[in-house]
Amino acid sequence: MPIRPASAEPQFRPTIRSTPRAFICRGEKLLVQEKQHPVKGRYFTLPGGKQEAGETLEDALRRECREEIGAAVTVKQLLHVAEVFRPKSGTNDYQHQLDFVFNCSVPEGYEPVLGCSPDPHQIATCWITPENAQQLRPSYVTKLFSHGCRRGVEIYLGSHNEEL
C-alpha cells in the first residue's frame, strides 16, 4: 500500500452541495449580485454560497454576505428550498446543489458594494426591480421575485436544471 505524504490529505467533496441564499428586499426591490460571464452574459444571482464543514446554514450565509456584498445581514426564516443541477465548466458533469433561501435584511443605511471576496464573475451588487426578474439565475429565483418580496410561505420548489 503506497504511503501518502502528509501534505496530500484527501479532499472530501460532498455529492450534494448545501448553499444558503439571501432574499433581501427593500420595498419592491431585491438585492442581488450582478455578474458578467463570457458565455452566459449579464445576469443576477442572490447573495450566498457554499456551506463549509461545521457551519450552520445561517452562519454560512452571514459569512458569504460579508464576503460578497459587504453587509452584515440579519438572517430570518427559511423561505424556500430548491434543488439545482448546475453544469460544471469544462466537463459534462453537473453539481447537485440544495439552495436554502432565507428571508434576510441589511442595515437601514446599507448601500450596495462589492464585498472583500466577491464571487467569480461578480461585477457589482445592486437593487433590481421586477422588470429585471428574467435575468435572475437560477431560474426559480425569477419565479420567487415575480411573486413579490412579500411572499413568505416556506415551500419546496422542486428541481431545476441550469444550462450554461
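Me: What covers the buried residues of α1?
Reply: In this predicted model, the cover includes the strands β1 (16-26), β2 (29-37), β4 (74-87), β5 and β6. The buried residues of α1 are Leu-57, Ala-60, Leu-61, Arg-63, Glu-64, Cys-65, Glu-68 and Ile-69.

Me: How do you know that the length of helix α1 agrees with its 13 residues?
Reply: Good one to check by numbers! At 1.5 Å a residue, residues 57-69 should span 18 Å. The end C-alpha atoms of α1 are 17 Å apart, so the two values agree.

Me: Which residue follows α1?
Reply: That is Gly-70, and its phi is positive, near 60°.

Me: What makes Cys-126 count as buried?
Reply: The same cut-off of 20% applies. Cys-126 has 18% relative accessibility, and therefore it counts as buried.

Me: Let's move to Gln-122. Why is Gln-122 called buried?
Reply: Its relative accessible area is 8%, and buried means under 20%, so Gln-122 qualifies. You can find Gln-122 in strand β6 (residues 122-128).

Me: What makes the pairing of the Gln-122 and Gln-33 side chains a polar contact?
Reply: The limit for a pair of N or O atoms is 3.5 Å. These two side chains meet at 2.9 Å, and they make a polar contact. The Gln-122 side chain also reaches the backbone nitrogen of Asp-119, at 3.0 Å. Leaving aside residues up to four places away in sequence, Gln-122 touches Gln-33, Glu-34, Lys-35, Glu-68 and Leu-114.

Me: Is His-96 buried or exposed, and how do you know?
Reply: His-96 has 17% relative accessibility, so it counts as buried. This residue is in strand β5 (residues 94-105).

Me: Which side chain makes a polar contact with the side chain of His-96?
Reply: The partner is Glu-83, at 2.7 Å, with 3.5 Å as the limit for a polar contact. Among the residues that His-96 touches, not counting those up to four places away in sequence, are Thr-15, Ile-16, Arg-17 and Phe-85.

Terms used
Residues numbered from 1 in each chain as written. Predicted model: local features only at pLDDT ≥ 70, side-chain atom pairs only at ≥ 80, totals over all residues. Heavy atoms only, no water. Buried < 20%, exposed > 50% of the residue type's maximum accessible area, 1.4 Å probe, protein only. Helix = DSSP H or I, 4+ residues; strand = E, 2+ residues; numbered from the N terminus. Polar contact = N/O pair within 3.5 Å; in protein donor to acceptor, adjacent residues only side chain to side chain. Contact = heavy atoms within 4.5 Å. Expected span 1.5 Å × (residues − 1).
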